[in-house]
Amino acid sequence: MRNRTTLIFALPALLVATAWQQLALAASQITTFDPPGAGTASTQGTFPQQVLNSGAIVGYFVDANNVAHGFIRSAHGKYTTINVPGAAGTQAFGINDEGTVVGWSFEANGVYHGYLRDDYGNLTTFDVPGAGPFQSGGVPFAVIPLPLAINRIGTVTGSYLDGNSPPMFHCFVRSRDGNITSFDPVGSVATIGDTNGINRAGTISGGYLTADGVTHGFVRDPEGAITSFDGPGAGTIAGTGSYANMINDAGTIPGVSVDNNSVNHGFVRSSDGTYVTFDVAGAGTKFGQGTLAEATNLAGMTAGTYSDANGLNHGFVRSSHGKITTFDVPGEGTGPGQGVLAAGEINGEGEVVGWYLNANGANHGFIYQSEDD
């Protein structure tokens with residue numbers, strides 16, 4: 001009887017100890033970070049964009065004066081700040097294994113320029129022919145362009161806004177020698193690129209909008225041929241459809257299908273055009289909620305975020321075998337729209353990089369170390 005009683009009292013203590021061990025393990029898998037000078041007020045902070053297999057991270061941060069700066073974070077936590085001379089702000093989005101960073105800078109009057117920064121710190125700026133700004137009521141106005149990406153041989157892709165009225169978004173590809181080609185899928189009224197949207201071979205992924213307000217994915221091969229696609233379950237009314245988030249060296253594209261109820265569902269599209277679709281258990285089923293597949297590595301691990309029924313955002317990793325592990329970052333906010341906002345990159349070591357929003361509305365970077373099981 002004493003032994004049984006001892007077991008009854010010991011069991012809750014054992015369960016509590018095990019729970020704390022699990023929490024400690026989860027915490028040890030997550031590293032949060034901010035470059036020196038990152039702001040701590042609403043809309044300020046850190047926005048990591050890409051991580052290499054070496055562990056180097058590129059992104060940008062917004063300081064206390066609401067000025068943007070690019071950064072590189074080494075695997076050992078050392079920071080290099082990137083500022084284009086004379087610019088009112090600088091943002092960095094992509095980096096390749098050569099250490100070349102791609103991003104854009106902007107002037108005080110809203111004019112944007114692309115730039116490349118090599119591993120020695122040398123800067124090359126460029127503009128896409130036909131890019132805005134356009135005139136709005138006699139005042140120059142520019143919409144912030146979308147992320148740029150660079151592959152291992154130095155080919156760059158991204159989006160730009162033209163100078164027409166009304167203006168339109170287009171994609172471009174810039175070769176290593178500086179030659180720039182603009183392109184749009186047939187029927188596009190707005191073509192959108194993505195960070196990490198180009199692989200080693202030069203294949204590009206992205207999305208585009210048709211005149212009916214529906215979004216579609218596309219993949220462009222190195223010769224310029226464009227294939228459009230729609231993920232399973234994608235909606236067919238304005239404000240719905242499919243979009244692609246990146247492309248890896250195997251040609252695999254993670255993305256999102258937005259159904260006719262405006263609920264998000266994750267998918268992974270293989271290079272042969274076949275799909276795997278999934279939803280994270282606990283993902284909300286209301287307008288704007290659901291599962292976002294954001295990045296896939298060569299091992300078949302997919303990272304992303306999901307929004308629950310209360311509108312709180314969380315991170316997840318889906319293994320190559322289909323097992324889904326969810327995570328939250330210590331210090332994240334717990335209100336609607338807060339939490340893990342992006343888990344947009346996963347490298348070959350299983351490191352997931354993104355950012356989270358705290359209760360004060362400030363953004364912070366994180367690294368989540370996942371395992372393929």
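The following questions and answers go through a predicted model of a single chain.

Biologist: What does the secondary structure of the chain come to?
Modeller: The chain has 373 residues, and 52% of them count as buried. Among contacts with a separation of 6 or more, 45% are between residues 24 or more positions apart. The secondary structure comes to one helix and 30 strands.

Biologist: Which elements give two or more residues to the lining of the second largest pocket?
Modeller: The second largest pocket has a volume of about 460 Å³. Its lining is made up of 26 residues, and Q50, R152, N248, D249 and E345 lie nearest its centre. The elements that give two or more residues to this lining are β2 (45–51) and β28 (339–346).

Biologist: Why is the pair of F183 and F218 edge-to-face?
Modeller: The count of aromatic pairs in the model is 16. A pair of aromatic rings is described by the distance of the centres and the angle of the planes. For F183 and F218 the ring centres are 5.9 Å apart and the planes stand at 80 degrees. Planes over 60 degrees apart count as edge-to-face, so the pair of F183 and F218 is edge-to-face.

Biologist: Which strands hold F183 and F218, and how many residues apart are they?
Modeller: The pair links distant parts of the chain. F183 is in strand β15 (residues 180–183) and F218 in strand β18 (residues 215–220), and they are 35 residues apart.

Biologist: Is F183 buried or exposed, and what is its relative accessibility?
Modeller: Buried means under 20% relative accessible area. F218 is buried, with a relative accessible area of 0%. F183 also falls under the cut-off, so F183 counts as buried, at 7%.

Biologist: Which charged end sits over the ring of F183?
Modeller: A charge over a ring is found at F126, where R174 lies over the face at 4.8 Å from the ring centre. At F183 the distance from the ring centre is 4.6 Å, and the charged end is that of R220.

Biologist: Which residues do ring pairs link into a cluster?
Modeller: Rings pair if their centres lie within 6.5 Å. Ring pairs of this kind link F47, Y60, F93, W104, F106, Y112 and W355.

Biologist: Where is the residue P166 found, and is its peptide bond from S165 cis or trans?
Modeller: P166 is found in the loop between β13 (156–161) and β14 (169–174). Omega of the bond from S165 to P166 is near 0 degrees, and the bond is cis.

Biologist: How far apart in space are N53 and N347, C-alpha to C-alpha?
Modeller: N53 is in the loop between β2 and β3 and counts as partly exposed, at 44% relative accessibility. Leaving out residues up to four places away in sequence, N53 touches R152, N347, G348 and E349. N53 and N347 are 294 residues apart in sequence, and the distance in space is 5.3 Å.

Biologist: Which residues does L341 touch, not counting residues up to four places away in sequence?
Modeller: L341 is found in strand β28 and counts as partly exposed, at 31% relative accessibility. L341 and H314 are 27 residues apart in sequence, with their C-alpha atoms 7.4 Å apart. The residues that L341 touches are E294, T305, N313, W355, Y356, L357 and N363.

Biologist: Which residues does I237 touch, not counting residues up to four places away in sequence?
Modeller: I237 is found in the loop between β19 (226–229) and β20 (241–244) and is partly exposed, with a relative accessible area of 43%. The C-alpha atoms of I237 and V258 are separated by 10.0 Å. The residues touched by I237 are G213, V214 and N260.

Notes
Residues are numbered from 1 along each chain as its sequence is written. This is a predicted model: local features need pLDDT of at least 70, side-chain atom pairs count only at pLDDT 80 or more; totals for chains, interfaces and linings use all residues. Side-chain values use heavy atoms; hydrogens and water are left out. On a 1 Å grid over the protein atoms alone, a cavity is a set of points where a 1.4 Å probe fits but cannot get out, and a pocket is an open set with protein on both sides within 12 Å along at least five of seven lines; lining residues have an atom within 4 Å of a point. Grid points are joined across faces, edges and corners, and a volume is the space filled by probe spheres set on the points. Helices (H or I, at least four residues) and strands (E, at least two) are DSSP runs, numbered from the N terminus. Rings of Phe, Tyr and Trp (its six-membered ring) pair if their centres lie within 6.5 Å; planes under 30 degrees apart count as stacked, over 60 as edge-to-face and the rest as tilted. Buried means under 20% relative accessible area, exposed over 50%, partly exposed in between (1.4 Å probe, protein chains only). A charge sits over a ring if NZ of Lys or CZ of Arg is within 6 Å of the ring centre and within 35 degrees of the ring normal. Contact means heavy atoms within 4.5 Å.
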